[in-house]
Amino acid sequence: MNIALLIILAFLLLSIFLGIRSSKGKDMDLEQWTVGGRGFGAIFVFLLMAGEIYTTFSFLGGSGWAYGKGAPALYVLIYITLSYVLSYWLLPEIWKYAKENKLMSQSDFFVTKYRSPSLGILAALVGVVSMIPVIVVQLKGLGIIVSEASYGAISMSEAVWMGAISLTIYVMISGIHGSVWIAVIKDIMMVAIIGFLGIYLPIHYFGGFQPMFEAVDAAKPGFLKFPDQGLSVSWFISTVILLVFGFYMWPQVFSAVYSARSGKVFRKNAIISPLYTLMLLFVFFVGFTAILKVPGLIGADADLSLLRLSIETFDPWFIGIIGGAGLLTALVPGSMLLMSVATLLAKNVYKEFAPAVSDRHVVRLAKFLVPVIALIAVYFTLNGGETMSALILMGYSLITQLFPSLLFSLKKNNPINKYGAIAGIITGLFIVICITLSSSTIGTLFPSLPQAAKDLNVGIIALAVNFIVMITVSLALRKHAVQLEPKSVNDI
């Protein structure tokens, strides 16, 4: 057993220990398990929200896109930064309403705002379907990291199973508390390692950042510019808009929002977090360095670029540290995702059909569902070939369909009713699913459109249609209801 593998296993055991230790002395009822008793301060909430930035996608997928796509990879940096700007106004409102109504999941928000259990079930199912690809990303990234960093001593499938079992154990025992404890270690390590790799590797191989970019441009002319078609400027803008709207629609993010002690936490985080996001630039620098130093990675293999370059550069003990940090980037968001999916299915789907069951029964069911969901995610992880970025974008296209109805629900006089919200969401989902399954694009569906229109992200088109249907149905039903109202005493 090599030193790298020993270090990785040490990180894994530490994670399981902290996850189990974090629940000591707490009555793990539904509120404690899902939202930590709403008692987390600014630092813990910041780390939970940051768990959505520094995942295996940013660690491997970000460098993989820089390696394989060039300039379009910058969408990651832009959309996350702009999402924090939106959070300054959005999250305090969500937190305030959730606290007043003692909400525990994203679905609860839609149920209470629209007085519609059916909309709550729909929102829960959208969340579940959207989060499965993201759980797959975390397990796939974990498998890549452990397999590569162990120099092949552990296969990818073995690493995926190991990670899924670890996640299952500490999610079932500690819920969100385990995620918080591990997030502290994970973020400290990720900032240090990403910063070091992003600065050291370009200097080590090229003598600096400018020589690195010059070498890449000489080897692949035009690679550092947006292409005229495909991942063009219009694709970039539409994708950034879609992802900004969808960033806080993820159910696990809602859970993190609910866990805060005060609404002021989010405004503080909105000021700091964009600076924190700049660390992703160093991930891109690693990917650009790898273009010339580990050539030949095609398709999904581009996600290997950071680890392959690191293995060629550093001693095994340091690869073990990189692998351990990468392991944590899968465990923190992965645990939040598993817990959120299990909670949605148990509380917002099952309990709607069996309202008499107690919260303790719901908690037991949610914990039972954790290994079931993990098994489903493992199956798709081991039987899929999509790149991490493609999986993330597919999940975003689905989950963002909840944004229009959420946005209108924050108005004092919401013009949208439950029927309009349901119709809009279903229409948007239908468009995304049909186009995704048929592997179509706007260009193939409408070949006569200008190139800029052909390159638009499919999700933004679905979102626009969702918005139109939502408004139309709501206004039509309101007009119909007005026409049916009695106009005088004689009409009664």
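The model is predicted, and residues are numbered from 1 along each chain.

**Around Thr239**
- Thr239 is buried, and its relative accessible area is 0%.
- A polar atom of the Thr239 side chain lies 2.7 Å from the backbone oxygen of Trp235.
- The side chain of Thr239 also has a polar contact of 3.0 Å with the side chain of Asn457.
- Beyond its neighbours within four places in sequence, Thr239 is in contact with Tyr75, Leu393 and Asn457.

**Aromatic rings**
- The whole structure holds 26 aromatic pairs.
- One of them is the stacked pair of Phe196 and Tyr200, with 5.2 Å from centre to centre and 10° between the planes.
- Phe196 and Tyr200 are about one helical turn apart because they are separated by 4 residues in helix 9 (residues 176–206).
- Phe196 is partly exposed at 35% relative accessible area, and Tyr200 is partly exposed at 31%.
- Phe247 and Tyr248 have ring centres 4.9 Å apart and planes at 80°, so this pair is edge-to-face.
- Both Phe247 and Tyr248 are buried.
- Phe247 and Tyr248 belong to one aromatic cluster with Trp65, Tyr75, Tyr79, Tyr84, Trp235, Trp250 and Tyr396.

**Charges over rings**
- Lys113 lies over the face of Tyr97, 4.1 Å from the ring centre.
- Arg267 has its charged end over the ring of Tyr88, at 5.1 Å from the centre of that ring.

Key:
This is a predicted model: local features need pLDDT of at least 70, side-chain atom pairs count only at pLDDT 80 or more; totals for chains, interfaces and linings use all residues. Side-chain values use heavy atoms; hydrogens and water are left out. Buried means under 20% relative accessible area, exposed over 50%, partly exposed in between (1.4 Å probe, protein chains only). A polar contact is a pair of N or O atoms within 3.5 Å; within protein, one must be able to donate a hydrogen and the other to accept it, and residues adjacent in sequence count only if both atoms are side-chain atoms. Contact means heavy atoms within 4.5 Å. Rings of Phe, Tyr and Trp (its six-membered ring) pair if their centres lie within 6.5 Å; planes under 30 degrees apart count as stacked, over 60 as edge-to-face and the rest as tilted. Helices (H or I, at least four residues) and strands (E, at least two) are DSSP runs, numbered from the N terminus. A charge sits over a ring if NZ of Lys or CZ of Arg is within 6 Å of the ring centre and within 35 degrees of the ring normal.
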